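Here's a quick briefing for anyone meeting this structure for the first time. Have a look at the model, then read on for the main points.

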Amino acid sequence: MDWFAAPDYWLSRLLVQRLLAGLYLVGFLTAAAQFRALIGTDGMLPVPRFTARVPFRQAPGLFHLHYSDRFFAAVARSGAALAAAVAAGLGDAVPLWASILLWAVLWGLYLSIVNVGQTWYSFGWESLLLEAGSLAAFLGNADTAPPTPVLWLMRWLVFRVEFGAGLIKLRGDSCWRDLTCLRYHHETQPMPGPLSWFFHHLPDPLHRVEAAANHVVQLLVPIGLLLPQPVASYAACAVVATQLWLIASGNFAWLNWLTVVLALAAVEPARLGLPVHAPGHPGAPVWYQALVAAVTAAVLVLSYWPVRNLLSRGQVMNRSFNRLHLVNTYGAFGSVNRRRQEVVLEGTDEAVLTPHTVWREYGFKGKPGDVRRLPRQYAPYHLRLDWLMWFAGISPAYARPWFLPFVARLLAGDRATLRLLRHNPFPDAPPTHVRATLYLYRFTGWRELRETGAWWHRTALHEYLAPVDLPALGRAGHRPPLGRPAAAAATGPVRGRRTVPLDGLRRPRPPRTEHPGHPSGPAPGHPGGPPE
């Protein structure tokens, strides 16, 4: 059936499936490396506690049937091994039905993880990875030509990702409309990368060009994805170029990488001078044609809810309209923070606290901390704790369910938790007390960087968590408050205790700084946080 097969897209399918499997590999490896501290039996938000109160129908997956840390590790590692095999070409080495089954298993294993991941897995790119995997299963393999309907469904997915992000910006923060958001974004984004400092210091006219180009690529270019060739190929190339710019300017886990991969489904290789001589494909079996037709019809029906959301003045982003994370709505950065607030955690091994207590700072892998440390590149790997710490600086209420359990595990010297950190200032024995301070961070300028070697300048705002010890946290009903205590409004920044920062130098007493205040929760339009 000529309408069904698109043999000229064999290279596009090959790249999409192999690269997508590679991103599944990253997702499973991230889960295997981090789950014990985050959602393990003794983690901050344990899976057994979650499954005890949330029924299977609301969060379907394997872990409602059975949970143990060993079983979770086996699921994550099995998923990683299978994803690696598919990325290496296993899907093309087995019959068509087996290839579909391989992708179904990948999707089902990762769905099981996401549906018990709670706050740690409440990012839009989790649903995007699941939806992409559900479509990749029906792209076929070397036994058949790529099916045209599924290629169009992937174009439709990229359209929703880009157009949804464009609309949430246009309807959201006014700085997107006056083209000033990029003055702040590179500095205040959740996890800056090694080039973010340089992007921040681009001339202001270029920041305006960035913002205007964003509107073009997210509001006009996606329409081209739904047009005939060669327009669709050129539109896909524009999406890829924009995503590569975002990859260079920050760390957004696999969001940008996955968008690049999906956009390749709209590229007709011949339009770009790429190989077009596809291997001979037999005609698609009837059962496969019927299956693809059914999947296409199902996606069209499920698209009603995302389309209604896109057309709504009350548009939300990153919402799954079903528990299987199929045909979702997406979006990012409908609002942009003007100031960067970071929670800095410190501990001491002194039994009795005095005005001369020495506090030593914990270091995170990706979250800004030591002002002399250049931000690192981690994406597409996802540092979940570091991302949530960014939200903690925005909203203490958002962090409350997991922040105190996190502090308790630092006080207990929990190995799984400490492995999530870059620097543990207490390698021999856990601290006696831990405290947290909220800081205002800003990028230094060229002159300040040359003179001090510091990429950041930070000013203490107020005490975020008063010093606590493990017995205090263990007392029933004791929940120390998070955020700005009432006294902080009168006293200003934290004073009266010596601190040893990561560079080993005593930090001078900070100047008095006006506190900018907290929102009640993550601002709408941010890329993380729970689905709205």
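The protein chain has a mean pLDDT of 89, and 89% of its residues reach 70 or more; pLDDT is the predictor's confidence in each residue, from 0 to 100. Where pLDDT is low, the predicted coordinates should not be read in detail.

This is a predicted model, so local features need pLDDT of at least 70 and side-chain atom pairs count only at pLDDT 80 or more, while totals for chains, interfaces and linings use all residues. Residues are numbered from 1 along each chain as its sequence is written, and side-chain values use heavy atoms, leaving out hydrogens and water.

**The overall picture**
- The protein chain holds 21 helices and seven strands; these are DSSP runs numbered from the N terminus, with helices being H or I of at least four residues and strands being E of at least two.
- Of the 532 residues in the protein chain, 58% are buried (buried is under 20% relative accessible area, exposed over 50%, partly exposed in between, with a 1.4 Å probe and protein chains only).
- Take the contacts between residues at least 6 apart in sequence: 76% of them join residues at least 24 apart.
- The protein chain exposes about 21,400 Å², and carbon and sulfur atoms supply 63% of that (areas come from the Shrake-Rupley method with a 1.4 Å probe; for residues, only the protein chains shown count as cover).

**Helix α17**
- Helix α17 covers residues 396–411 and has a kink of about 50° at Trp402, shortly before the proline Pro405 (the bend at a residue is the angle between axes fitted to the seven residues ending there and the seven starting there).
- Because 13 of its 16 residues are buried, α17 is largely enclosed by the rest of the structure.
- After α17 comes Gly413, with a positive phi near 65°.

**Loops with a twist**
- A cis peptide bond runs from Gln229 to Pro230, with omega near 5°; Pro230 sits in the loop between α11 (204–225) and α12 (231–249).
- Ala379 and Pro380 are also joined by a cis peptide bond, with omega about 10°, and Pro380 is in the loop between β3 (363–364) and α16 (384–394).
- Asn318 isn't a glycine, yet its phi is positive, near 50°; its place is the loop between α15 (304–311) and β1 (340–348).
- Phe333 is in the loop between α15 and β1, and its phi is positive too, near 55°.
- Asn318 counts as buried because its relative accessibility is 11%, and Phe333 counts as buried at 9%.

**A residue in strand β5**
- Tyr439 belongs to strand β5 (residues 433–443), and at 3% relative accessibility Tyr439 counts as buried.
- Tyr439 and Thr459 are 20 residues apart along the chain, with their C-alpha atoms separated by 5.4 Å.

**Space inside**
- The structure has four cavities of 30 Å³ or more, and the largest cavity holds about 110 Å³ of space.
- A cavity is a set of points on a 1 Å grid over the protein atoms alone where a 1.4 Å probe fits but cannot get out, and lining residues have an atom within 4 Å of a point.
- Grid points are joined across faces, edges and corners, and a volume is the space filled by probe spheres set on the points.
- The largest cavity is lined by 19 residues, and Phe364, Lys367, Pro368, Gly369 and Asp370 lie nearest its centre.
- β1 gives the most to that lining, with three residues.

Notes: Contact = heavy atoms within 4.5 Å. 1 Å grid on protein atoms, 1.4 Å probe; cavity = no way out; pocket = protein on both sides within 12 Å on 5 of 7 lines; lining within 4 Å.
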